[in-house]
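Thanks for coming, everyone. Let me put the structure up, and then I'll walk you through it.

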There are 2 protein chains.
Amino acid sequence: MPVIVQKFGGTSVADAARIRRAAQRIADARRAGFDVVVVASAMGPTTDELISLAEEVSPVPDRRELDMMLATGEQVSVGLLALALREVGCAASSLTGGQAGIRTDGVHGRARITRIECGRLERMISRGETPVVAGFQGTSDDGEITTLGRGGSDTTAVAIAAALRVADAGGYCEIYTDVDGVYTADPRLVRGAVKLPRISYEEMLELATLGAGVMHARAVLFGEKYGVPIHVRHSQRPDHGTMISRENPGMEELAVVGCALKEDLGRVSIRQIKNALGLQGRLFTALASSNIVVDDIMQTEHGSSTMIAFTVDHADLSDAKQIVAKTLLDLNEGEMSIDVGLAKVSVVGVGMKIHAGVASRMFRALGEVGVAIHNITTSEIKISCIIDAASGQRALETVHSAFGLGLGINATVAMQTDSPRL
Amino acid sequence: MPVIVQKFGGTSVADAARIRRAAQRIADARRAGFDVVVVASAMGPTTDELISLAEEVSPVPDRRELDMMLATGEQVSVGLLALALREVGCAASSLTGGQAGIRTDGVHGRARITRIECGRLERMISRGETPVVAGFQGTSDDGEITTLGRGGSDTTAVAIAAALRVADAGGYCEIYTDVDGVYTADPRLVRGAVKLPRISYEEMLELATLGAGVMHARAVLFGEKYGVPIHVRHSQRPDHGTMISRENPGMEELAVVGCALKEDLGRVSIRQIKNALGLQGRLFTALASSNIVVDDIMQTEHGSSTMIAFTVDHADLSDAKQIVAKTLLDLNEGEMSIDVGLAKVSVVGVGMKIHAGVASRMFRALGEVGVAIHNITTSEIKISCIIDAASGQRALETVHSAFGLGLGINATVAMQTDSPRL
């Protein structure tokens with residue numbers, strides 16, 4: 001029988017009623033002829049509450065001890081979910097990450113899965129029992145409890161699906177969350193946004209890092225690497241969500257599948273660099289070691305003079321400024337300027353690889369509505385423009401409409417694809 | 001260095017402030033030259049909250065899944081306690097029961113410790129690190145998480161002290177709780193009750209089962225079996241508590257060390273039994289398999305007619321009545337009567353073994369204040385009288401004063417013993 005790995009996020013297991021509903025979902029899938037492995041996150045705000053509790057005792061809690069505490073959140077929800085499954089007549093047992101064979105490195109707080117020892121999961125499945133696995137956690141080779149960091153439960157689910165090779169027999173991974181899929185743009189910002197029935201891993205990765213919070217990039221990367229189809233669905237509404245899978249020919253009919261807006265960006269620009277050799281390495285190493293996440297980096301050259309700019313979250317701007325100032329002082333050259341109140345609007349689509357004119361259409365559309373473009377960065381399947389934050393909403397709507405994203409073209413494509421049905 | 005195992009109960013770790021105070025306690029013991037192993041219970045009402053949550057999803061929760069959930073309570077408190085210890089400069093790491101090597105049988109909800117694999121604890125101690133062990137839990141040989149049931153954390157602490165042979169090097173086990181020791185009587189009931197500086201395992205066992213809720217009988221039994229001195233202390237007050245240890249010559253100077261009152265008892269009496277052979281076995285097997293805890297059993301014989309009576313908690317009385325009625329019907333003999341509103345007053349002391357006249361002094365004292373005695377049971381170190389609940393308080397005060405328990409005699413004995421000092 002094909003295996004589905006169903007992952008329920010924090011809001012999907014936030015109380016007894018939702019847990020019962022999740023159990024019903026799982027029972028439905030079993031009745032439809034699937035074997036199911038369940039992965040669950042901690043209930044609602046549990047993780048944040050545990051972090052607050054730890055910080056009451058220790059302002060900067062040791063990561064090993066924090067992992068010991070945080071892992072309990074998922075342990076409670078899997079126990080409850082297994083109880084709810086037994087109540088609806090479904091043989092089920094909960095497992096901690098360690099019991100489920102999730103082995104990680106020893107980096108507490110952001111451990112990486114090194115392997116999954118599938119024996120116990122496979123034995124349970126073969127005797128018709130549903131394993132309910134605590135997401136977000138594992139154990140290191142010396143038996144320490146680790147957590148995987150942000151997006152951890154999604155990663156657990158996709159990793160289990162990969163390890164069990166569910167795709168080989170027509171299985172996949174389902175991510176139940178509080179949104180009903182991936183949209184052409186954030187529906188809270190763009191009225192005409194429509195849900196995408198299907199998207200490629202690459203597109204989803206770009207959208208995830210561009211601020212579309214549906215799924216964490218890490219789990220998508222895992223899915224891409226091991227070819228696990230990922231179905232994103234709303235836990236309360238039974239309609240189809242979005243299937244994330246390898247690109248297929250139909251996907252390339254569209255140059256652009258979605259657009260996104262990332263707000264609250266600041267920019268650091270450095271001019272008058274005569275001798276750029278080594279500056280980039282030195283500068284971005286210093287930023288990384290201060291845990292500053294750099295959004296985009298742009299470099300241009302004019303004669304012997306180089307100009308480098310990068311964007312960061314507003315929250316990191318003042319730290320970034322200090323680090324750059326110190327680096328320039330050490331090098332005794334360069335001139336720094338800081339801009340605040342910026343945003344980034346991006347379009348994404350694997351079809352861009354073969355469709356020409358995407359960039360020009362985007363720039364023209366923004367120009368027509370008077371949105372000034374401060375910087376441009378591109379990847380093979382993405383074009384991003386740095387603009388004033390004040391123009392963000394207008395820019396997103398303009399781009400969304402310029403590529404006809406709200407016109408149901410995607411809905412047509414959807415009808416041609418074969419989304420899994422339960 | 002001698003090792004102390006310090007156990008902190010739920011009220012002693014109920015919030016961040018108390019956790020910091022517990023950490024201070026531990027740091028004090030280390031500064032005083034002891035190695036310390038810490039055992040902690042779940043914070044305050046956590047366990048009850050988790051049980052309620054489970055019952056919301058499943059009215060009679062599966063015990064394995066409940067253990068999965070309940071074990072998280074202790075896991076959170078040991079994480080917090082380890083953080084608090086690091087804040088006061090004390091090297092410490094938390095351990096789940098499984099990580100600490102606590103191996104149990106597979107009976108979920110009331111597992112028994114089968115052995116303790118001390119390797120990790122010993123390695124941590126030898127490098128100067130304080131292990132903070134989750135009480136009340138362990139893992140079975142196949143890696144399942146189990147809980148030990150009532151009194152579990154006390155049992156964990158005493159079992160670790162036994163396995164590490166702490167007594168051999170002058171160590172012991174400290175139980176920090178919300179009472180400051182064992183009293184000659186419940187100080188809420190008897191104004192003149194005084195704290196006992198020292199008590200034997202046997203006496204503590206009798207008192208524990210007689211309704212003195214300071215320590216669970218199971219942990220005391222463990223202490224007795226492996227010769228672990230157990231020091232019961234109040235977690236907020238630094239004064240001496242009560243040391244539970246093997247009886248010593250000084251202990252026998254006192255015929256009676258304490259008295260206790262157990263309330264809310266009902267009694268089932270059976271008369272007109274002509275042929276008692278086999279009745280007892282049959283009857284009490286039926287009661288046990290319905291999980292009815294029988295308090296005391298008394299049997300008398302007159303000629304060929306036998307009379308059996310037993311006491312149970314009021315809560316179990318109606319079930320007990322039905323089981324007895326059915327058994328008598330099957331046997332076609334006997335006559336049952338039920339009494340409610342009873343209590344049991346008891347005196348306990350190892351000195352009773354050599355001091356004569358204890359029983360008569362107790363009966364005479366009760367008679368003088370008009371307390372009618374309905375039944376009497378005795379053990380080698382205990383005398384119990386079943387009386388009307390309405391006379392309970394008066395009976396307890398009378399017995400307490402008849403044996404001079406409030407006169408500070410024990411306090412004098414205390415000065416002669418060498419209680420450990422920190």
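Start with N332(A). N332(A) counts as exposed, because 6 other C-beta atoms lie within 10 Å. Keep in mind that this is a predicted model. Where is N332(A) found? In the loop between α9 (314–331) and β18 (335–348) of chain A. Now look at its backbone. N332(A) is not a glycine, yet its phi is positive, about 60 degrees.

N291(B) sits in the loop between α8 and β16 (294–302) of chain B. Buried or exposed, then, for N291(B)? Exposed, because N291(B) has 8 C-beta neighbours inside 10 Å, and 12 or fewer is the cut-off.

One more loop. D141(B) is placed between β7 (137–140) and β8 (145–147) of chain B. D141(B) is exposed, with 11 other C-beta atoms within 10 Å. Look across to T104(B). Along the sequence, D141(B) and T104(B) are 37 residues apart. In space, their C-alpha atoms are 7.3 Å apart.

Now the buried positions. Take A157(A), in helix α5 (residues 152–163) of chain A. Why does A157(A) count as buried? Because A157(A) has 31 other C-beta atoms within 10 Å, and 20 or more is enough. Set aside sequence neighbours within four places. A157(A) is then in contact with V5(A), K7(A), V39(A), G135(A), C173(A) and I175(A). I102(A) and A157(A) are 55 residues apart along the chain, and 11 Å separate their C-alpha atoms.

Over to chain B and A82(B). A82(B) belongs to helix α3 (residues 63–87) of chain B. A82(B) is buried, with 31 C-beta neighbours inside 10 Å. What does A82(B) touch, beyond residues up to four places away in sequence? In chain B, the partners are A92(B), S93(B), S94(B) and V132(B). From chain A, there is E65(A). T155(B) is 73 residues from A82(B) in sequence, and the two C-alpha atoms are 21 Å apart.

That takes us to the interface. 30 residues of chain A are in contact with 30 residues of chain B. Which elements of chain A give two or more residues to this side? They are α1 (16–31), α2 (46–57), α3 (63–87) and β3 (92–95). The largest share comes from α3(A), with 15 residues. By class, the chain A side has 15 nonpolar, eight polar and seven charged residues.

How are the two chains related? Chain A superposes on chain B by a rotation of 179 degrees, with 0.0 Å of shift along the axis. The RMSD is 0.1 Å. The two copies are therefore related as by a two-fold rotation axis. In chain A, the C-alpha nearest that axis belongs to T72(A), at 2.6 Å. Both copies use the same surface: 100% of the contact residues of chain A recur in chain B.

Next, domains. Chain A is assigned domain 1 (3–246) and domain 2 (259–402). Their centres, taken over C-alpha atoms, are 33 Å apart. At the contact between them, 15 residues of domain 1 of chain A meet 15 residues of domain 2 of chain A. On the domain 1 side, helix α6 (residues 201–209) of chain A gives the largest share, four residues. By class, that side has seven nonpolar, four polar and four charged residues.

Last stop, a helix pair in chain B. Helix α8 (residues 279–289) and helix α9 (residues 314–331) of chain B have axes that come within 10 Å and cross at roughly 145 degrees. The crossing of α8(B) with α9(B) is right-handed. On the α8(B) side, the contact residues are L279(B), R282(B), L283(B), A286(B) and L287(B). On the α9(B) side, they are A320(B), I323(B), V324(B), T327(B) and L331(B). By class, this helix contact has eight nonpolar, one polar and one charged residues.

That's the tour. I'll take questions.

Technical notes. Residues numbered from 1 in each chain as written. Chains lettered and ligands numbered in written order. Predicted model: local features only at pLDDT ≥ 70, side-chain atom pairs only at ≥ 80, totals over all residues. Axes fitted to C-alpha atoms, helices over the stretch in contact; angles between N-to-C directions. Left-handed = near helix turned anticlockwise from the far one by under 90°. Contact = placed C-beta atoms within 7 Å. Nonpolar A, V, L, I, M, F, W, Y, C, P; charged D, E, K, R; others polar. Domains from an automatic or database assignment. Least-squares fit on C-alpha atoms with pLDDT ≥ 70 in both.
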